[in-house]
Amino acid sequence: MSQTPVSKPAASPAFDTERSISVVDDMLAEASRLGASAAEAAVNVEAGLSVNVRLGEVDTLEHNRDKGLGITVYFGQRKGSASTSDFSSKAIRETVQAACDIARFTEADDYAGLADAALMATEIPDLDLYHPWSISAEQAIELARDCEAAGRETDARISNSEGAMFSSHDGLRVYGNSHGFRGHYPRSRHSLSCTLIGQDDKGMQRDYWYTIARNPAELEDAEVVGRKAAGRTVSRLGARRLGTCQVPVIFQADVARGLLGHLLGAINGNALYRKASFLLDQQGKQVFPASVRIDERPHLKGALGSAPFDNEGVTTRARDVVQAGILEGYVLDSYAARRLGMQSTGNAGGVHNLFINHDSVSFEDLQQHMGTGLIVTEVMGQGVNTVTGDYSRGASGFWVENGEIQYPVEEITLASTLQSMYQGVQAIASDVDRRGNICTGSWLIDQMTVAGE
Amino acid sequence: MTNSPLGMARAALLSPTGLDEPDLQAVLDQLMGHRIDYADLYFQLSRHESWMLEDSIVREGHHGIEQGVGVRACHAEKTGFAYSDEILLPALTEAAGAARAIAQSGRKGSVQAWRQQAGQQLYLPIDPLASLQAGDKIDLLRSLDAEARRLDPRIQQVTVSLAGVHEIILLAASDGTLAADVRPLVRMSVSVIAEQGGRREQGSGGGGGRVDYGYFLEEERGLGYAREAVRQALVNLEAVAAPAGTMPVVLGSGWPGVLLHEAIGHGLEGDFNRKGSSAFAGRIGEQVASPLCTVVDDGTLPGRRGSLNIDDEGSLTQQTVLIENGRLKGYMQDKFNARLMGMAPTGNGRRESYAHLPMPRMTNTYMLAGEQDPQDIIASVDKGLYAVNFGGGQVDITSGKFVFSASEAYLIENGKVTRPVKGATLIGNGPDVLTRVSMVGNDLALDRGVGVCGKEGQSVPVGVGQPTLKVDSLTVGGTA
């Protein structure tokens, strides 16, 4: 980045912490007054700005300011919920009333209710998630301009641009429930992305790159983001199709993230109790090769997925999800846990920093090891069936022979089942992509079906 | 005129906070004092509810309210945008100050006097949430659950949801537009899991539109969604591996029109063409489809999910011909891109909410009927795929490559539909896939009203449709 960002407290925070906490208190008090036997309430506020610079000029400048509150009430085993963006006392009363009105009509559900009081987080560690950046619109525009310019200068085949986008947001999360739990913490998120278009006599291609972090100092340099976007874009020019074949496949780290996302979908308690998962009853069974370990690290300092407590106030804990290839645990909130006769894993709202271990091999080693096959850099479409594990998606990437990239490919599909893809993981490279809640290196999978011309 | 959408919007959005039209005029005036070419204020009040049944009990219900105002200021190709969830004059003035920062102060633009325009009424200005008593909503959900379970003992899980939105919008713009709309929207969805010999498969059904909940009771439509979900799940229990490779594909009528949405629809949105990032940019007048193909985007179909009386910039929606007898005819435009391209807006300026910027979006996109009997189309295929239901799709508008994922498909062998095959992704190239359409059926159908389109992080309800059609070669992503 051309200007070193300095993290300092914003002149006035984008949100009023005291007010947000009192809104949660007011909602819970109102629920109690209306006769609810239990209740939980949450407030989320966020503010920031986003700019998009295209071809050197400002395209859009957006000032964002969002807030919302939500309440869930229980009358015995009956439940109702409501939400609004209006924090006035009148709106709070009406919203709690609306939730109570709903609970008059929903039916008693034996499994409904708050998470057990014993599971509530008792301390809220500082996870280093809040680094507000009082960047002005002019500075943000400059940053995006530098990023795009560096990308456009990289290669003469870069013919057009969708622009560089900078965004910076700070927010506050507050959650409370009638066990007496109250928790809140601020967090920030800054990102810079660039999308470029390249052209040759065969047509246009576009690709992008981005950097995202809670702390501005951890963002990738703006010029680097632009140059990576350009490199990725021109590498796609001249793409060809492939014939239908069965080959080994490397999923580049950012695409491999999706494969772990499908795993999370299948071991999520909501899918399991609905019997809508291909990993039903697989806890304790071999799902990956014995070399694979997958773990959750909710208290990682400054990480994008870190959280001291989940959406039900349950304390988050580091744990293994897959150990020696064996599925050790599911992803459960308290409702799904009760349905399955288990205990919440602190995952109401999702997982917090999921990591898969990697082998001591680089991406290039992976390519050598594969020899002849396909590198996938993008997948398209919704062709993943979590109920059956069937996998069929559009793809583009590179064709590799004898460990060397031969040419870019596009307009092909990749098919298999997630079961055999997971069992077929041969190696995971050390090029871990940390730009999200799921962190992984690139995967080499033994074989998939490619359909093409 | 309190029964007009404008009267209702004034009463719902402006009166409670003491705002009046002269205030809006003053804010626009303030905006236009800064070398701004165009500015608008978008007020929105949206109330929504949802109910969910699972394990034969209605176990969840939710009610939500969102309201706010979005302020946009445009100067040449620049757009400044800010919004507030408080519809009050100080908040509006502050948002306007932020939005106009896009341009340096200078020559004063002018705000035109409000112009009344003739409206259209494609749906009634009703509140669908109030169209059934809560107890009757519960009964409706239960009836679909009972129907699904009654039809086959292999049905193990049934999830049913009912959702309704009552949205009121008011738009005031520097070009003299003062317009409002009251937009009802309802939807029901059913998802089932069938189990047989340890194998589990899913099926789903659903529908809706800009109507009230009575729609689901008429003609047993709601029960029909349950029957459809069960039918699909049972078909999938028998499905074998889908073929892999390039082959003739017959697409069923209705929802498979998602092909048009992905393959050509997005590529013909004005913003991508103004920026030259679409594979269709600069190709108006060229042959991009077989002469059998005429494709339109039509926001004026009464009661449809993708229809709007006015778009989110106050322009009347219309039928826009995108492809006529195979030739590329026109783009879908919002005011901003139309102005920069020297074209007319087509009523396609849409936004997810007051907190999002409008952009060119589809409404209901479909292909007009041809002359072939659908049975003849299937009979013409020696070996291929017959795909009748889809999960959704995606497109890269720059390379033109698109996918859409079949959730119900069959093999065609010697002109006959034989075995069901597992879902598979179909992939093609937008600018040439329609050139390989060799037969178009006489059975145009629109989808049942469940479509959601995502673009740049914004979701809007849309519709698609088409007659049965045959694509001579399309790549099918199976494993067999």
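In this predicted model, a polar atom of the side chain of B:Gln466 lies 3.1 Å from the backbone oxygen of B:Gly252. A distance of this kind falls under the heading of polar contact, defined as a pair of N or O atoms within 3.5 Å; within protein, one atom must be able to donate a hydrogen and the other to accept it, and residues adjacent in sequence count only if both atoms are side-chain atoms. B:Gln466 counts as buried because its relative accessibility is 0%; buried means under 20% relative accessible area, exposed over 50%, and partly exposed in between, with a 1.4 Å probe and protein chains only.

B:Gln466 belongs to strand E22 (residues 463-466) of chain B. Helices (H or I, at least four residues) and strands (E, at least two) are DSSP runs numbered from the N terminus, and two strands pair if DSSP finds at least two bridges between them. E22(B) pairs in the parallel sense with strand E13 (residues 364-367) of chain B over three bridges, with B:Asn364 standing opposite B:Gly463. Both strands sit in an open sheet of six strands with mixed pairing, in the order E10-E9-E8-E13-E22-E19 (chain B). Its edge strands, each pairing on one side only, are E10 (327-328) and E19 (445-446) of chain B.

Turning to chain A, strand E4 (residues 158-177) is largely enclosed by the rest of the structure, because 17 of its 20 residues are buried. E4(A) has an antiparallel pairing with strand E1 (residues 38-54) of chain A over 14 bridges, in which A:Ala42 stands opposite A:Tyr175. E4(A) also runs antiparallel to strand E5 (residues 182-200) of chain A, joined by 17 bridges; here A:Asn160 has A:Ile197 as its bridge partner. E4(A) and E5(A) form a hairpin with four residues between them, and A:Gly180 in the turn has a positive phi of about 100 degrees.

Elsewhere in chain A, helix H5 (residues 253-266) holds A:His262, which counts as buried because its relative accessibility is 16%. Beyond its neighbours within four places in sequence, A:His262 is in contact (heavy atoms within 4.5 Å) with A:Val384, A:Tyr391, A:Arg393, A:Leu418 and A:Tyr422.

The two chains also meet each other. The contact takes 67 residues from chain A and 72 residues from chain B. About 5,600 Å² is buried between the chains, and carbon and sulfur atoms give 49% of that area; buried area is the accessible area (1.4 Å probe) that two parts lose on being put together, summed over both. In chain B, B:Arg59, B:Tyr83 and B:Arg200 lose the most area to chain A, together 11% of what that side buries.

Twelve salt bridges are counted between the chains, the criterion being a side-chain nitrogen of Lys or Arg within 4 Å of a carboxyl oxygen of Asp or Glu. One of them joins the side chains of B:Lys401 and A:Glu411 (4.0 Å, N to O). Strand E2 (residues 57-75) of chain B gives the most to the side of chain B that touches chain A, with eleven residues.

Residues are numbered from 1 along each chain as its sequence is written, and chains are lettered from A and ligands numbered from 1 in the order in which they are written. Local features need pLDDT of at least 70 and side-chain atom pairs count only at pLDDT 80 or more, while totals for chains, interfaces and linings use all residues; side-chain values use heavy atoms, with hydrogens and water left out.
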